[in-house]
Amino acid sequence: MPVATLLPFTATPSRKSSSPTSFRLTEKFILLLVFSAFITLCFGAIFFLPDSSKLLSGVFFHSSAVETNTRKGTDSDSNIAVGTDEKILAKIRKDHEKALVEAKDTLQKRPDEIKQDIQNEKDKVLKEGLGKGGKDDDNLPVIEYVRPPGATGHEPSNPETKERREKIKEMMKFAWDSYKRYAWGSNELRPVSMQGHSSNLFGSIKGATIVDALDTLYVMQMYEDFEMATEWVEKNLDFNVNAEVSVFEVNIRFVGGLLSAYYLSGKEVFRKKAIQLGEKLLPAFKTPTGIPWALLNLKSGIGRNWPWASGGSSILAEYGTLHLEFMHLSKLSGNPAFAEKVMNIRKVLNRLDKPQGLYPNYLNPNSGQWGQHHVSVGGLGDSFYEYLLKAWLMSDKTDEEGKKLYYDALQAIETSLMRKSSGGLTYIAEWKGGLLEHKMGHLTCFAGGMIALGADGAPEDKTGHQMEQAAEIARTCHESYARTTLKLGPEGFRFDGGVEAIATRQNEKYFILRPEVIETYMYMWRFTHDPKYREWGWEAVQALEKHCRVEGGYSGVRDVYSSSPNHDDVQQSFYLAETLKYLFLLFSDDDHLPFEHWVFNTEAHPLPVIKKEMTDTDKPNQLE
């Protein structure tokens, strides 16, 4: 494809580049004028020079047919020569128009985008030189990078929506700048004490906030910050550590973040780092069943499970939330092992009986049998169901097995877990050994968005029914916010003893900047355009600003029912990756990261749909 189409227009009227190498508008106009004058001069010469068409045909085109016509001087060939000349002139006019368009496109780009275009062309030439199956210096297949549509969007036309969207971008800038100032290179920020914070989930890997925020920076067109983060990744992100990490958390945040940054920007460093980390995670699958360990030492390759997890079991939401990232790792690396590992998980699950069609949260990786029969669409279970649906969507709806597994599971959830309170609120309860616990977690609130996303493909004309379910869950989760003092949602809320959508236990009253309710608002807005979802999202923005914004960033709170919040002093990396990104998209047009081209991993990192035509054997290394 033409170089000019490799990168989308990213400059908008509201963003001024501060780079000294950027072109001013007047300079662009002068350059365009000079270029146009030069082309016109050349074009005019073609018409007025004697025998110009023959000259051109002989010098530039070297067509055998044209050469024959110009050598022979017979009258019978003169008409053919005239017709050929007209075709040549028409082609020149077309090439002239194309050159002008490409010149305009190039002048509108930032210098770094032009450099990326040149690099992409070099990569393309290298690929053609190497032929099919060519490798680069890191022994990776050379891939022709094509950015999927909608990586960046336009400003909303509605003034109020535009103003709110800009406010959310300012929130992102404040959160990011605070992290840069007080915790750069650390995994997360302590915004009250203004210092770095590291969770043991990442072992001694650093920079979780940087990697998690990469795509949000790009989507919000914060390009200088994106380049700074890219430089840090290139120079400092190191996976050669003798430390134990959470396979699940490292996959969704680091692998997902790096993959997304690659697909948005085309920068090879992100592809290489994602594959390096993916290879480090493969030893986690060395179990008798192939069900991966929860924890893995990246140096020794020794894995184990959480000691509290039902006799050393693996957790459904952890081993079931690798599929999207690992399928893309196989595409980008040419190594089928990643895809084989996650497809084997399905084989193990397909052999097991499911109690009432439900998937228990615990599975022993040695015996291949279920642990405790505890079922949840919230913590420990949630993203397993999400990835069944998204595996089908990401495959361009060719993964029929994933589709069937999702809709069968959703039917079992509706039958056994979904209930309506006496006050009319629909909720998804938890199931423990056949008994329902009438509790719903903040994490479960993602289900409204999931059900809406899958409603269009629902079997037996259930689309309308599932959209109603999604809307009811969104309303319940909004009520969990509205019924608190701070207008922020608790970690868990109950429907028993006359209580509805309220946390009754102290260890359920905290709010840690979670995204799931905002996520559902975003999906519901995209599918219905009901303005209440944007209003509910704006209510959350106001509450975040009032109660979570502190001098050094954004902090969670320990009790959403207290009138004087006690901050927990952690700015979670997912606040930048998910909460702020979903808010930004809630107030963006639908063509910004459109669902027909992008699927979000469970950390809100957008990954492109793998288009059907790209799976042909004659196009093994192309991506869309």
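For the chain, the mean pLDDT is 86, and 77% of the residues reach 70 or more. Where pLDDT is low, the predicted coordinates should not be read in detail.

**Helix packing**

Helix H18, residues 516–528, packs with helix H20, residues 573–586, at an angle of about 20°, and their axes lie 9 Å apart. Angles under 35 degrees count as roughly parallel, and H18 and H20 are therefore roughly parallel to each other. Their crossing is left-handed. On the H18 side, the contact is made by Ile518, Glu519, Tyr521, Met522, Trp525 and Arg526, while H20 contributes Thr579, Tyr582, Leu583, Leu585 and Leu586. By class, the residues of this contact comprise eight nonpolar, one polar and two charged.

An open sheet is formed by three strands in the order E3-E4-E5, with antiparallel pairing. Its edge strands, E3 (244–246) and E5 (303–304), each pair on one side only. Strand E4, residues 295–297, pairs with E5 in the antiparallel sense over two bridges. Leucine 295 stands opposite arginine 304 in E5. Across E3 and E4 lies helix H9, residues 247–265, which runs at about 65° to E3.

Conventions:
Residues are numbered from 1 along each chain as its sequence is written. This is a predicted model: local features need pLDDT of at least 70, side-chain atom pairs count only at pLDDT 80 or more; totals for chains, interfaces and linings use all residues. Side-chain values use heavy atoms; hydrogens and water are left out. Axes are lines fitted to C-alpha atoms, for helices over the stretch in contact, and angles run from 0 to 180 degrees between N-to-C directions. Helices (H or I, at least four residues) and strands (E, at least two) are DSSP runs, numbered from the N terminus. Angles under 35 degrees count as roughly parallel, over 145 as roughly antiparallel, 65 to 115 as roughly perpendicular and the rest as oblique. A crossing is left-handed if the near helix is turned anticlockwise from the far one by less than a right angle, and right-handed if clockwise. Contact means heavy atoms within 4.5 Å. Ala, Val, Leu, Ile, Met, Phe, Trp, Tyr, Cys and Pro count as nonpolar, Asp, Glu, Lys and Arg as charged, and the others, Gly among them, as polar. pLDDT is the predictor's confidence in each residue, from 0 to 100. Two strands pair if DSSP finds at least two bridges between them.
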